[in-house]
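Hi,

Here is the structure I said I would pass on. Have a look at it first, and then read my notes below.

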Amino acid sequence: MNLYAIKAIYVFEMSRTLRTLIQSIASPVISTVLYFIVFGSAIGSRMEDISDVSYGSFIVPGLILLTVCLQSISNASFSIYFPKFIGSINELLSAPVSYLELVIGFIMAAVTKSMTIGLIILITASFLVDIEIKHPIWMICILFLSCVSFSLMGFIVGIWARSFEQITIIPDLIITPLVFLGGSFYSISLLPDFWQKVTLFNPIVYLISGFRWAFFGNADVYIGYSILAILVFTFACILIIWRIFKTGYRIKS
Amino acid sequence: MNQNIIQISHLSKTFKDGTVALKDINLNIIDGEIIALLGPNGAGKTTLISAICGITNISSGEVSVSGHDVIKDYKKTRALIGLVPQEIALQPFEKVIDVVRYSRNLFGCANDDAYIEKILRRLLLWDKKDKRIVELSGGMKRRVIIAKALSHEPKILFLDEPTAGVDVDLRFDMWELIKKLREDGTTIILTTHYIEEAEEIADRISIIDNGKIQLTEKKSELMQRLGKKVINIKLDQEIDIKIFRDEFNLTQGHDKASIIMHHSDTKKDDSLDRLILKIKKGKYKILNIETDEKSLEQIFLDVVSK
């Protein structure tokens, strides 16, 4: 195992984040605080409790996941797209680094960034609303798995993308709508029967429901299904990345 | 003893769009030599380097570096190779020393600041070590990509058009550096458009055209074999070369008082000696003799245009 290379990639990626600390951390925190002010305080005070949880607290897991998923995708996709764009990917390809080592280096960096942002949002939220975490270990595990799986997905997007515009297509057109419609701001039990069934085809529902279960101990779908859905999604991403490197898709001529 | 450090056998590369970039390449690279790969644009030079270094997938054939297959034992082979790419591809906002350290680590080596300092000093980059890449001139950036390629102490160095677009001073510096590296035992494979560069520093020349190796020879032998001399003999009076024509390969000069002789420059060819004797016997005085050697560039053009 070329541990020097994994560490080099990780440190290099993290130093990029530290150099752009304001964009990397402050902006997602500020936008989340705005969500809390609007949905939590202004509108939330007029909303009924959902399963004995105040609306302000109820939206915390969804908000964390919304930011974490989008940040994971954008961090990971940019980290691999940029070397592709400027051509320094050739150095990675000509180095004695296996694909696994390469992916570990980039994904660990992306996961560290989005986990940090997720935890900062949680801490920020704790100042604004009452939060009690019923299953803290599960909360950390689900958060971690979400970061890993969406970072892997971001890595795929970064390799697939042929322009900076394409990097934003997947998060803007697919992930954001799925997270919003996946119950970030409401319980799917509030939907009419038909839409409840339709919404079960949205994989993000399982993620948010599982994460909310870790916070409040109750969920829209059975926690086992949530864990299974996250694992299936993670392995699907790993499989795609393995295929990408096996065939050299869009990285090797 | 001359030992092959790279062995390329029956290497072919066809791109997905059907373009055949390399056709059945066979080439051995000798440990410690400087070999220049010459060829026009699109000849396949960069593709050949990319295939050895792992940037391009190989369609068929085998390449081994120091006895290890470049696909099966890629970690071993790549650790031995340093690559200076044609395009300058650097992370613009990083510091010089950081990008060089990064390359060393990427190639599986622990940090060694003393060695990095040695390289940066050698490339006149030490006082720029804390500058960001974006602040450097084009020539300095080129030095940085060389420093990156040397950061892990490679045994083999690929230089893909290292002096393209650099000024004359930097080009001479590079040539000196390449010669020094060879003295230290590094094998150097150089692709270049500047034929004078190959003429100046290479031990062997390989000419590639249309994805095929047209010839590979020691530079000195190649120059001797194909590098014919043109000799211009200026006399004190006009001469009709018809009197010599049957015996020698001559043409009349512009002013009718000079003779142009095409000479093969081998030991067996004594025609110049015989011609001078005949001129003397004819009571002509020789005022001047100029020789014009056929350059590697002309040899290259002859080979490529065949």
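Ala214(A) sits in helix H9 of chain A, which runs over residues 203-216. One thing to keep in mind from the start is that this is a predicted model. Is Ala214(A) buried or exposed? With 22 other C-beta atoms within 10 Å, Ala214(A) is buried, because 20 or more are enough to count as such. Leaving aside neighbours within four places in sequence, Ala214(A) is in contact with Ile133(A), Lys134(A), His135(A), Trp138(A), Met139(A) and Ile142(A). There is also Leu143(A), 71 residues away from Ala214(A) along the chain, with 9.9 Å between the two C-alpha atoms.

Next, a helix pair in chain A. Helix H3 (residues 55-86) and helix H5 (residues 99-128) of chain A have axes that come within 9 Å and cross at roughly 155°. H3(A) and H5(A) are therefore roughly antiparallel to each other, and their crossing is right-handed. Quite a few residues meet there: on the H3(A) side they include Val60(A), Leu63(A), Ile64(A) and Ile80(A), and on the H5(A) side Phe106(A), Ile107(A), Ile121(A) and Leu122(A) are among them. By class, this contact has 14 nonpolar, seven polar and one charged residues.

Buried residues in H1(A) are Tyr4(A), Ala5(A), Ile6(A), Ala8(A), Ile9(A), Phe12(A) and Glu13(A). What covers them? The cover includes H3 and H5 of chain A, together with H3 of chain B.

That brings us to where the two chains touch. The contact takes 20 residues from chain A and 25 residues from chain B. On the side of chain A, helix H1 (3-19) and helix H4 (89-94) are the elements that give two or more residues. H1(A) gives the most, with six residues. By class, this side of chain A has nine nonpolar, seven polar and four charged residues.

H5(B) has 13 residues and spans 19 Å from its first C-alpha to its last, close to the 18 Å expected at 1.5 Å a residue. Its buried residues include Val144(B), Ile145(B) and Ile146(B), and also Arg142(B), Arg143(B) and Lys148(B). Strand S6 (81-84), helix H3 (96-106), helix H4 (113-122) and strand S7 (156-160) of chain B are among the elements covering the buried residues of H5(B).

Two loop residues in chain B have a backbone angle to check. Glu153(B), in the loop between H5 and S7 of chain B, has a positive phi of about 55° although it is not a glycine. Glu161(B) has a positive phi of about 50°, and is not a glycine either; you will find Glu161(B) in the loop between S7 and helix H6 (168-183) of chain B. Glu153(B) has 16 C-beta neighbours inside 10 Å and counts as partly exposed. Glu161(B), with 19, counts as partly exposed as well.

Last stop: Thr187(B), in strand S8 (residues 187-192) of chain B. Thr187(B) is buried, with 25 other C-beta atoms within 10 Å. Not counting residues up to four places away in sequence, Thr187(B) touches Ile5(B), Ile29(B), Asp31(B), Gly32(B), Glu33(B), Lys155(B) and Ile156(B). Of these, Ile29(B) is 158 residues from Thr187(B) in sequence but 8.4 Å away in space, C-alpha to C-alpha.

Cheers

Notes: Residues numbered from 1 in each chain as written. Chains lettered and ligands numbered in written order. Predicted model: local features only at pLDDT ≥ 70, side-chain atom pairs only at ≥ 80, totals over all residues. Axes fitted to C-alpha atoms, helices over the stretch in contact; angles between N-to-C directions. Helix = DSSP H or I, 4+ residues; strand = E, 2+ residues; numbered from the N terminus. Parallel < 35°, antiparallel > 145°, perpendicular 65-115°, else oblique. Left-handed = near helix turned anticlockwise from the far one by under 90°. Contact = placed C-beta atoms within 7 Å. Nonpolar A, V, L, I, M, F, W, Y, C, P; charged D, E, K, R; others polar. Expected span 1.5 Å × (residues − 1). Buried ≥ 20, exposed ≤ 12 C-beta atoms within 10 Å, placed from the backbone.
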